[in-house]
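Please take me through this structure in a viewer, one selection at a time. Tell me what to select at each stop and what is found there.

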Amino acid sequence: MGEEARTVLRGGNLVTPEGVVRGDLEMAGEKILRVVPGGLSEDELAGAKVEDVAGCYVYPGFIDAHTHMQCWTGMDWTADSFETGTRAAACGGTTTIVDYATQDKGMTLTEALDEWHKRADGTCTANYAFHMAIADWNEHTREEIPLMRKRGVVSFKSYFAYDHLRLDDAQTMELLEAIKPFDGILCVHCENGTLVNELQRRMLDQGITGPEGHPLSRPAECEAEAISRLMYLSELTGTRVNVVHLSTKLGLEQVRAAKRRGVRVSVETCPQYLLLDDTRYLEKGEDGFAGAKYVMSPPLRKPADIAALREAVCNGEIDQISTDHCSFNMHGQKDRGRDNFTKIPNGGPGVEHRPALIMTTFEGQLGPMDYLHLLSEGQAKVFGMYPRKGALVAGADADVCVWDPSARWTISAATQHQAVDYTTYEGFEAHGQAHLTYVMGQLAARDGEPTGAKPGQYVSR
Ligand code: URP
Ligand code: ZN
């Protein structure tokens with residue numbers, strides 16, 4: 001350690017696994033060297049670069065466990081590359097993303113994972129791990145699962161919707177059986193794709209072609225049915241599952257019932273399902289097409305759903321809040337679906353703004369320990385990165401976010417770093433900002449602006 005550069009974050013409110021304590025955090029090279037309640041002596045500070053962080057909270061770097069960077073989604077390429085997406089993440093205080101490496105039909109898992117490394121390696125500001133999304137379940141895919149585990153992938157994904165991606169129930173069961181030997185976890189996109197296809201057809205038949213058709217074709221029942229099915233598949237196989245982007249009260253009720261039966265389920269929701277409701281699809285800007293900004297799956301929901309999910313967050317029933325960052329430009333991408341909402345690429349941006357959104361919207365209801373659990377520790381624990389990530393402890397990676405709760409700023413597409421031409425949170429008055437973001441000991445962003453460093457590394461789990 002002697003030769004490595006040392007940085008001390010002095011006099012902050014350290015958000016440790018045991019609670020918030022005033023003191024100093026010392027980093028050396030890529031690791032946290034010491035967490036010192038009360039602070040280091042003047043002698044101990046000698047030779048270190050010292051940053052005064054009095055008045056700030058010092059968190060382990062935030063983790064966004066649901067992103068789609070530089071990805072072909074069946075309709076278009078996402079607007080953010082790994083380079084732009086992880087830079088934006090760091091500006092907002094996120095130091096690690098877990099991205100969905102996605103197998104297309106006809107592709108092997110090895111080819112998919114190699115391709116994701118090719119896209120990400122050497123370009124990232126924040127660290128990155130990969131879940132492996134499986135679209136082509138066959139004998140060869142099954143044989144490759146242990147190889148994926150050897151290459152650092154412990155979490156997998158399957159879809160119940162999207163015709164080019166979805167597995168049937170027997171395939172999903174076989175996948176669950178294949179990852180069980182190493183206690184792998186399956187993340188599942190829970191929407192009933194057969195029903196969605198039929199409801200989309202009916203909307204178009206009725207002449208409903210605009211963005212307002214999107215939520216009508218993906219009602220809460222489609223999510224709840226798929227969650228219920230997943231719960232029973234997990235029960236049948238005994239494999240851990242993670243419900244991604246939970247959006248409805250009805251879906252939450254399926255999870256609660258399953259938990260009472262002992263199903264090993266964890267739950268993710270996203271800021272959009274806690275902040276935005278389905279009246280957004282009726283926005284009249286952009287020549288009546290502004291609702292396309294919110295075309296994502298699952299869709300935005302009713303106020304009663306938002307209230308139920310917010311209550312679940314406050315009750316500790318939600319393990320993680322991540323984003324499902326999947327950005328497309330309004331101009332040149334989403335607008336291809338102007339005459340047919342089923343042709344609007346599904347997804348929205350969010351990786352840059354999640355910590356500020358959550359800490360602002362839950363101000364007065366949640367505190368630093370809750371933000372630790374929901375934005376960092378939960379992701380690290382569920383996806384096998386803890387305590388290397390998600391904890392301010394000696395020996396952990398030096399991924400750190402110094403959060404200034406007194407900062408006031410306004411979210412806007414004009415100033416964001418996400419490489420996309422809008423944000424669903426335009427004009428949102430944020431309370432608090434990432435003052436300093438360190439990735440593997442290097443300063444990656446200051447006061448919401450990137451430093452230009454690209455210290456992001458692959459997180460093998
Ligand atoms: O609309 C979305 N979220 N598109 C990305 C695919 C997914 O994970 O649902
Ligand atoms: Zn997603």
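The stops below begin at the ligand and then move to backbone features in the loops.

**Stop 1: the ligand and its surroundings**

Keep in mind throughout that this is a predicted model. Select ligand 1, then show the 13 residues around it; those that come nearest are H68, H189, S297, D324 and N346. By residue type, the shell around ligand 1 splits into 4 nonpolar, 7 polar and 2 charged residues. Switch to a surface view of the protein: the space that ligand 1 takes up is the largest pocket.

**Stop 2: polar contacts to the ligand**

Which protein atoms lie 3.4 Å, 3.1 Å and 3.3 Å from atoms of ligand 1? Start with H245, which places a polar side-chain atom 3.4 Å from an oxygen atom of the ligand. Next select N346, where a backbone N or O atom is 3.1 Å from a nitrogen atom of ligand 1. Then pick G347: a polar atom of its backbone lies 3.3 Å from an oxygen atom of ligand 1.

**Stop 3**

H245 is in the loop between β11 (240–243) and α9 (249–260), and its phi is positive, about 35°, although H245 is not a glycine. Most residues other than glycine have a negative phi. Is H245 buried or exposed? Its relative accessibility is 1%, so H245 counts as buried, the limit being under 20%.

**Stop 4: Y162**

Go to the loop between β9 (155–159) and α5 (169–179) and select Y162. Here too phi is positive in a residue other than glycine, with a value near 75°. Y162 has a relative accessibility of 23% and therefore counts as partly exposed.

**Stop 5: two cis peptide bonds**

Most peptide bonds are trans. Select S297 and P298 to see a cis peptide bond, with omega near 0°. P298 belongs to the loop between α11 (285–288) and α12 (303–315).

Finish at Y386 and P387, which are also joined by a cis peptide bond, with omega about 0°. P387 lies in the loop between α14 (368–382) and β14 (400–410).

How values were computed
Residues numbered from 1 in each chain as written. Chains lettered and ligands numbered in written order. Predicted model: local features only at pLDDT ≥ 70, side-chain atom pairs only at ≥ 80, totals over all residues. Heavy atoms only, no water. Near = heavy atom within 4 Å. Polar contact = N/O pair within 3.5 Å; in protein donor to acceptor, adjacent residues only side chain to side chain. 1 Å grid on protein atoms, 1.4 Å probe; cavity = no way out; pocket = protein on both sides within 12 Å on 5 of 7 lines; lining within 4 Å. Sits in = over half its atoms within 2 Å of the grid points. Nonpolar A, V, L, I, M, F, W, Y, C, P; charged D, E, K, R; others polar. Helix = DSSP H or I, 4+ residues; strand = E, 2+ residues; numbered from the N terminus. Buried < 20%, exposed > 50% of the residue type's maximum accessible area, 1.4 Å probe, protein only.
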